[in-house]
Structures are given as C-alpha cells and as structure tokens.
There are 6 protein chains.
Amino acid sequence: MQISARNVLKGKVKKVTPGAVNSEIIVEVAGGVEIVSIITKSSAERLALNPGKQVYAIIKASNVMIGTD
Amino acid sequence: MQISARNVLKGKVKKVTPGAVNSEIIVEVAGGVEIVSIITKSSAERLALNPGKQVYAIIKASNVMIGTD
Amino acid sequence: MQISARNVLKGKVKKVTPGAVNSEIIVEVAGGVEIVSIITKSSAERLALNPGKQVYAIIKASNVMIGTD
Amino acid sequence: MQISARNVLKGKVKKVTPGAVNSEIIVEVAGGVEIVSIITKSSAERLALNPGKQVYAIIKASNVMIGTD
Amino acid sequence: MQISARNVLKGKVKKVTPGAVNSEIIVEVAGGVEIVSIITKSSAERLALNPGKQVYAIIKASNVMIGTD
Amino acid sequence: MQISARNVLKGKVKKVTPGAVNSEIIVEVAGGVEIVSIITKSSAERLALNPGKQVYAIIKASNVMIGTD
C-alpha cells in the first residue's frame, strides 16, 4: 500500500513500552535520530513490534510543526 | 520554551510553498531526511521561514504511526 | 505495507478539489458513507487520485471522537 | 450542536476497553464497518458509553489519509 | 449533540479568512483569548461562520501539548 | 524557542493524572478556562509538571474544530 502521508521514515524498533490501551514505540531512523510513537497496544501486537524489527515511522504533514530558536 | 512533544528534529528549511491559508515547508534534518510540514501561512511569515534557516520539525508522539513491510 | 492505524476503510474516490497547497478528497466507502479527507495537493498527484479510483481512507484511532445525541 | 468536522458517522458502540487515562471505543457504523476511537476514560464515562448505545464517530477531514494498493 | 472532546470553549467569531480548500477562523473566547482554527471552507460555509457569531472552539485533549519556560 | 502553533495559552497546572503510558494534565488558563491535555507520562516527568507550575497549553490551528448551537 502507498499512503498519502508525506513523511515515511525507515528505521528499526528500539523499544516498546506497553500500557493498558496504548503502547509507546521508539524507532531509530537515519542519522541516529529517535522517533517516539504512541499507537494502540492492539496495533503494536498486530504488527508484532519488537526491538530490532524494520519499520517505518509515518507522519501526516499537517501534524508537523516548526520551531525556531 | 521547552515543549512536551517527544519529537523535536533539528534541521534547515529547504523549500517554502505558500498557499492562500496554509504553507508547505520542507525541512532537511539529520541523515539527509526530508520532513514535510503544513502550517498556516501566517505562522510561516511570523517565523520568517526561508530556505537555509535553522529550524526544528516538531511532532507529538500520538501523531506518529508505524508501518511494516 | 501494513500500518498501525486502526481504521482502514476501503472505498472509491468520488471527487477531488485541488487548492494551492491542499486538496480535498471525497471517498465513498461501504454502506454509501462518504468520507472527506484533506491531504497535500502533492500527495493527491503522487497517488494519481481521480474519481473512480479504488483507495483506502485511513484514520488513526486517536483522531476519532465520539458524539452522542 | 453542529460541528465543523466533515465526517460524522452514525453507529452503535460495540466494545469499550478502559485504561488508566484513555479508553478504546469500537463503534459499528453503516455497512458493518467498525471504527476504533481512543478518547479519555473520563469522556467515555461522561458520555456513558456502553455496548449498544447509539453514537457518532466524528473525524476532522485533515486527520484522514488516503492509501492506494 | 454532546462530544467526547474535553475542550469546548465558548466564544465569538472574530475573523474568517477563506482559502481555496481551507478557511482560517479566529475565535475570541473567555478572558479575551484568541483561538485560531483551520477548517474546510465548505464547513465554514455550512456553519455560516461570520464575525460576531457565537461558536465553540473544540479541541481533543490528545491534540494539546504543554510548554514550559 | 518560538513555535509555529498558533495557539499558545498561558496558564497554570491544576491537576496531573498519570497512566501507564500517557498522563492527563489539566491547565487553568485566562478567564478561569480549563484546558485538558494528554501527553506521554515521560514528557510530564521531563517537564516536571505539578500543580501550580506555570505552563503553556499549545494547540496547532488545524486541530481546532468549530461548533455552533
């Protein structure tokens, strides 16, 4: 499947922290950058997310803000 | 200001495309990765976003999805 | 690609309205329900969205609210 | 109240899974489609969401992505 | 209709700026605070949003970030 | 840091409810208005959010909906 989301960053799962309803997933992408994602626990299980697994961090452009110093 | 958003990626503005209400900003972050952001045209002007400017792409963790092959 | 988003609704593009930066896409899914999506014009062009094309409307669960009468 | 959100889908609560802070709500809408929503536990209680209750799944158009095969 | 969104702020429309696809709405709420909203132009027309009209600014709790000095 | 988000509301933390992965933060802003935010528990700890602390509630304009009576 191709997706309209403009930001699809290839990486590897570094850590999965499950909660009751949501899980926190840390993904390491290019340049050693870490991306944190909150998805439902059910999705984390369905995608079998575990440390080392190759994944994509996907972000819709309208959800990206810009900051300046 | 410090912000709760877990994802704050340092980069440089690569391109600004203004519309009537929103502008599209392309930011190049570490590892040569490009991040696309849609913000209001008014914010893009207030922050004086132009190619070459040092910025941060900021993303709340709950807005990051995970994809697998 | 499999995606963590819990809501992936199969449908058909009904209408595409392009703006300067964003495009509005109307998708008809099961039960004759119409789903409206705003994505970047650039994504609408990259996915070649035109009336009749088979697509999925994809929504992260944390972006769904509940209303009651 | 009328709301600007373009997507207001009539349905019935199918399942409620409460967590510590958030609850997961599954709504069955037209055509047998299931929509998953994450809202605060406090909102789920305030709206008295229980299986069988008539509700609306509400989604802002800017939170709908498009996927293609 | 009652809505799960935790933040429903009563106010008055101050300004409407229409674009091709989206419109920017400025709402003045309690305490003289201005809230800026981007909705589809079509929704702004359907709700007949014009300066002076009594409205609510509605925000899902998962879309609110926290900043500190 | 300056941020593109159009809505930056000054206030004070009123209550923090931690869950396993997310925490709910209630902020009192001008005019006695309460804003509810869901952020990761990890961010709430990093920003040392406790009742009485001066903070900002930050909301991207594209996440604000409009309702009418």
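**Strand pairing and the interface of chains A and B**

Within the predicted model, A:Val27 has A:Ile35, in strand E4 of chain A, as its bridge partner. Strands E3(A) and E4(A) run antiparallel and are joined by seven bridges, where strands (E, at least two residues) are DSSP runs numbered from the N terminus, and where two strands are taken to pair if DSSP finds at least two bridges between them. These strands belong to an open sheet of six strands with antiparallel pairing, in the order E4(A)-E3(A)-E2(A)-E5(A)-E6(B)-E1(C). E4 of chain A and strand E1 (2–3) of chain C stand at the edges with a single partner strand each, so one side of each is left without a neighbour in the sheet.

Residues are numbered from 1 along each chain as its sequence is written, and chains are lettered from A in the order in which they are written. Because the model is predicted, local features need pLDDT of at least 70 and side-chain atom pairs count only at pLDDT 80 or more, whereas totals for chains, interfaces and linings use all residues, and side-chain values use heavy atoms, with hydrogens and water left out.

In the interface as a whole, 33 residues of chain A are in contact with 33 residues of chain B, contact meaning heavy atoms within 4.5 Å. The two chains bury about 3,100 Å² between them, 62% of it on carbon and sulfur atoms, buried area being the accessible area (1.4 Å probe) lost by two parts on being put together, summed over both.

Two salt bridges are counted between chain A and chain B, a salt bridge being a side-chain nitrogen of Lys or Arg within 4 Å of a carboxyl oxygen of Asp or Glu. In a salt bridge between these chains, the side chains of B:Glu24 and A:Arg6 meet at 3.1 Å, N to O. Strands E2 (7–18), E3 (22–29), E4 (34–40), E5 (54–59) and E6 (65–68) of chain A each supply at least two residues of the side that touches chain B.

Chain A is superposed on chain B by a rotation of 180° with 0.0 Å of shift along its axis (RMSD 0.0 Å), which is the relation of a two-fold axis; the superposition is by least squares on the C-alpha atoms of residues with pLDDT of at least 70 in both copies. The same surface serves both copies, as 100% of the contact residues of chain A recur in chain B.

Terms used. Helices (H or I, at least four residues) and strands (E, at least two) are DSSP runs, numbered from the N terminus.
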